[in-house]
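Morning, everyone. Let me put the model up, and then we'll walk through it piece by piece.

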Amino acid sequence: MKETIDRIFYDNYLKKIRSETRVVTIWQLIIFILFIAIWEIASRFRFIDPLLFSSPTKVSQLIYEKIIDGSMLNHLQYTLFETILGFILGTVLGIIIATILWTSQKFARISDPYLVVLNAMPKVALGPIIIVALGPGFLSIIIMGAIISVIITTLIVYSAFNEVDPNYQKVLKSLGATRSQCFKEAIFPAAIPTMISTLKVNVGLSWVGVIVGEFLVSNQGLGYLIIYGFQVFDFSLVMSSLVIIAIFAALMYKGVEKLEDWLIKHTT
Amino acid sequence: MAFLTLDNVSHYYFSTTGYTKALEDISLSIDEGEFVSIIGPSGCGKSTILSIIARLMQQTEGHIKLKNEPLADSSLNIGYMLQQDYLFPWKTVMDNILLGPKINGQITDQTKIHARQLLADVNMAETENDFPSELSGGMRQRIALVRTLITNPEILLFDEPFSALDYVTKLKLENLVAKLMETYNKTAILVTHDLGEAISMSDRIFLMETAPGRIAKTFEVPEELRNEAPFFVRRHPKYQPIFDKIWKHLNDDMSDENKGVTTDERNN
């Protein structure tokens, strides 16, 4: 008897949680539908210039056409490949540089002002120089995607290394550990949660680097489609590329989030 | 024969704003199997002595010998336990215990058997696959003790290892540590704020004074108390007299008198 009453309380609690989730989802859908509807109506009735702002029907039609003729997939592949590579390169390089800084205090002190300047610098402004140096190809674009996140990753991970409780090192040293053993057993594993959280930031940054890179050089990719659409005054094309970017940037972010959960579960 | 000797050991802490003399002319010798305590006001350099003996830092002046060999050249293991357990949260109990052997590259099946036996000694059998977060403070401190014991240290250093625990756990652990030290005939140095703990656990007590840190007085714990378990020492008729005697000196020391007496007493 008593148990069934407990059960009822618990079921009520679950019901409440579920209904709250439902309300949130419904509102999210309403906002989305309203946005599309207002855009379409405003465009049809010429409250906004359909030549400049296009309309959902035109955009979806264009996307459909481009998917059918295979060109969208081609551009998308190009951009995704560059973004993922830039993202991985930026994160891994950042962690490696942070490790080198931790290894040598003196080197860290010497490089400090340069890191500050590089960090403050808007990295996309380096674009033209990178293109001149590495040629107008996809190598330059990957480097753009990487360079935008590498310095900030270095700084965040390095400071995480330094914030590890020194008593862990004391324990290890009293057991006879060398400095590299301290790094392997204490410093690096303790900083893993920070490294994982930089992944999420970096994935967004890499999109910025790659899209700007494609603005500058490429003849392929979603950034190129935006610039091309702008130049030939085809704003349906610009909007279509934006929609595709929004979808895939969000998917990639979610993917990194899943990776983060998995890493946290398997490393801590 | 003296097991560990400190000969006129002094230590300075330097910073850009100045320096402090943490230790001045510390001379003491400890026999094999002896359990000594160091007590004194905060900032008297108690922990500094332990850090130096643990080879975490080097004394500015003076000589230290372990088994007639200069400490710095000696490769003998020294166990060091801190105020908190500092178990590595991402490692299981077993992996935490095997840190010392791992660092020295000596993990064999034998070490694992030894680890299980030590776990049983501290009543923590069956926890080897648990993570530290699943254990209570007293249990974690016992695991930290095993982690220290498995390297078979010549000497054990305790830096207020019971001070973060609740009273009941603390009394239980005192008994356990005292018993283990006797079973394995280990030499140990305990730094503590708790006068009762010092009397109940040790054979000899060094009272330190502050600024600069030096040994003000040495007390021999009465023979009858030495072999009793700490819990029973506190109820022994001889406990209160020695407590009062040291207590009086502790209070005198704060008024910074009695310095003439210290030199004779030091050579006891």
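Start with two strands of chain B. β3(B) and β8(B), residues 187-191, pair in the parallel sense over four bridges. Helices and strands here are DSSP runs, helices being H or I of at least four residues and strands E of at least two, numbered from the N terminus. Two strands pair if DSSP finds at least two bridges between them. In that pairing, Ile38(B) has Val191(B) of β8(B) as its bridge partner.

A word on the source. This is a predicted model: local features need pLDDT of at least 70, side-chain atom pairs count only at pLDDT 80 or more, and totals for chains, interfaces and linings use all residues. Residues are numbered from 1 along each chain as its sequence is written, while chains are lettered from A and ligands numbered from 1 in the order in which they are written.

Back to β3(B). It also pairs with β9(B), residues 204-209, again in the parallel sense over four bridges. There, Ile38(B) stands opposite Phe206(B).

How many of the residues of β3(B) are buried? Five of its five. Buried means 20 or more other C-beta atoms within 10 Å of the residue's own; exposed means 12 or fewer; partly exposed is in between, and C-beta atoms are placed from the backbone. Both faces of the strand are covered. Phe35(B), Ser37(B) and Ile39(B) are on one side. Val36(B) and Ile38(B) are on the other.

Next, the antiparallel sheet. Strands of a sheet pair through backbone hydrogen bonds, either parallel or antiparallel. Here we have an open sheet of four strands in chain B, in the order β2-β1-β4-β5, with antiparallel pairing. β2, residues 18-31, and β5, residues 69-70, stand at the edges. Each has a single partner strand, so one side of each is left without a neighbour in the sheet.

Take β1(B), residues 2-15. Five bridges join it to β4(B), residues 61-66. In that pair, Ser10(B) stands opposite Glu61(B). With β2(B), β1(B) pairs over ten bridges, antiparallel. A hairpin joins the two through two residues. Phe14(B) has Tyr19(B) of β2(B) as its bridge partner.

Tyr13(B) is also in β1(B). Buried, exposed or partly exposed? Partly exposed, because 14 other C-beta atoms lie within 10 Å. Leaving out residues up to four places away in sequence, Tyr13(B) touches Tyr19(B), Thr20(B) and Ala22(B). Contact means C-beta atoms, placed from the backbone, within 7 Å.

Now the chain contact. It takes 13 residues from chain B and 16 residues from chain A. On the chain B side, β6 (78-81) and α3 (99-103) each supply at least two residues. α3(B) gives the most, with three. By class, that side has ten nonpolar, three polar and no charged residues. Nonpolar covers Ala, Val, Leu, Ile, Met, Phe, Trp, Tyr, Cys and Pro; charged covers Asp, Glu, Lys and Arg; the others, Gly among them, count as polar.

α7(A), residues 138-163, has 26 residues and should span 38 Å at 1.5 Å a residue; its end C-alpha atoms are 38 Å apart, which agrees. The expected span is 1.5 Å times one less than the number of residues. There is still a kink of about 30 degrees, centred on Val150(A). The bend at a residue is the angle between axes fitted to the seven residues ending there and the seven starting there. Of the 26 residues, 20 are buried, so α7(A) is largely enclosed by the rest of the structure.

Compare α9(A), residues 179-216. A straight helix of 38 residues would span 56 Å; α9(A) spans only 45 Å between its end C-alpha atoms. Where does α9(A) bend? At Ile192(A), by about 45 degrees, and a proline, Pro193(A), follows within four residues.

Last, two loop residues of chain A. Arg46(A) sits between α1 (2-44) and α2 (50-53). Its phi is near 60 degrees, a positive value in a residue other than glycine. Arg46(A) is exposed, with 8 other C-beta atoms within 10 Å. Phe233(A) lies in the loop between α10 (222-231) and α11 (235-267). Phi of Phe233(A) is also positive, near 60 degrees. Phe233(A) counts as exposed too, because it has 10 C-beta neighbours inside 10 Å.

Notes: Two residues are in contact if their C-beta atoms, placed from the backbone, lie within 7 Å.
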